[in-house]
Amino acid sequence: MTDIRVLVVEDEPLLAEAHSAYTERVPGFVVVGVAHTARAAMAALRANDGGDIDLVLLDFRLPDLHGLDVCRALRAAGSSVDVLAVTSARDLAVVRTAVSLGVTHYLLKPFTFAAFRDKLERYADYRAQALADGEVAAQHDVDRMFATLRGTAGHSLPKGLDAQTLNRVRTALTDGAGAQAGLSATEVSGLTGISRVTARRYLEYLVTVDRAARSPRYGTPGRPEVEYRPR
C-alpha cells in the first residue's frame, strides 16, 4: 500500500514543524506540504487535481480564514480529500459543524504523540477498508468501518479494563519489535510493567476488536506460546 500523503495546515511555524515530525514518525504517512494560512492551504489543494494529497491536518484558528470555511470551500469545490482537525477550538457548535462537513477526526490541542498516532492509525485502517474493491458483505462490515474511525471510548471498555493501560499495551505492540515479530503476553508484561495475566486480558481484548491478531509461536519447549501482532 502506498503512503498516505499529508498536508499540514498550521499558522504557528513551531507547531507546524512538530505536527510534521509527528506525522513522519507514523509508518505509512508522509508529509507532502506545509501551509501557514488558509489561502496557502487552498492553493495547495486546488493544485491537487492529481490526488497528491490524501489527508489534511487542519488547524481551525488560522489568521486569514476559519478552518471550517476551508472545509466548506473544499466540499463546494467537490473535493473529497479527508480532513483531520487539529485545533484548540472546543465550542460544541464548531464540533457539530466539523462533523457535518465530513471531518474524519477531531484532535484537541494540546495532545500527546500517542493520541496523535492513534488518530492517524485509525484513519489508515479506515482508509484501507474504504478503498478495498467490491462491496461490503454485511451490516457488520459497515459497522466496523464506522467503529474504526470512532475508536474505543474509555467508558465502553469491558469492566476491569482502562483506557490508559490499553494505550500502553497498544504502544508496546505497535512500536519496535512488536510490529515486526509479534510479542507474547510475557513480553508485553515486561515492556509495560503490568502482570502477564493482565497483559493477556488486554491483548485478547485487542483481538476481539480487530486491533491485534493472535497466532501460535513455535520453537519453544512444550506447548506453543501465543504471540500477538498489531493490525
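Two helices, α5 (113–130) and α7 (163–174), each contribute at least two residues to the lining of the largest pocket. Helices (H or I, at least four residues) and strands (E, at least two) are DSSP runs, numbered from the N terminus. Welcome to a predicted model, in which local features need pLDDT of at least 70 and side-chain atom pairs count only at pLDDT 80 or more, while totals for chains, interfaces and linings use all residues. Residues are numbered from 1 along each chain as its sequence is written, and side-chain values use heavy atoms, with hydrogens and water left out.

**The largest pocket**

- A pocket here is an open set of points on a 1 Å grid over the protein atoms alone, where a 1.4 Å probe fits, with protein on both sides within 12 Å along at least five of seven lines; lining residues have an atom within 4 Å of a point.
- The volume of the largest pocket is about 490 Å³, taken as the space filled by probe spheres set on the points, which are joined across faces, edges and corners.
- Its lining has 22 residues, and Val26, Pro27, Glu121, Ala124 and Arg231 lie nearest the centre.
- Helix α5 gives the most to this lining, with six residues.
- The pocket lies between domain 1 (4–150) and domain 2 (163–230), because both give residues to the lining; the domain bounds come from an automatic or database domain assignment.

**Two buried helix residues**

- His19 sits in helix α1 (residues 13–25) and counts as buried because its relative accessibility is 6%, where buried means under 20% relative accessible area and exposed over 50% (1.4 Å probe, protein chains only).
- Leaving aside residues up to four places away in sequence, His19 touches Val8, Glu10, Val86, Lys109, Phe111 and Phe116, a contact being heavy atoms within 4.5 Å.
- Gly67 belongs to helix α3 (residues 67–76) and, at 0% relative accessibility, is also buried.
- With residues up to four places away in sequence again set aside, Gly67 touches Leu58, Asp59 and Phe60.
- Gly67 and Ala38 are 29 residues apart in sequence, and their C-alpha atoms are 7.3 Å apart in space.

**Helix α9 and its two sides**

- In helix α9 (residues 185–192), the buried residues are Ala185, Val188, Ser189 and Thr192.
- These residues lie on the same side of α9, because they cover an arc of only 105° around the axis, taken from the directions from the helix axis to the C-beta atoms.
- Gly190 and Leu191 are exposed on the other side of α9.
- The cover over the buried residues of α9 includes α7, β6 (183–184), α10 (196–208) and β8 (225–230).
- After α9 comes Gly193, with a positive phi near 85°.
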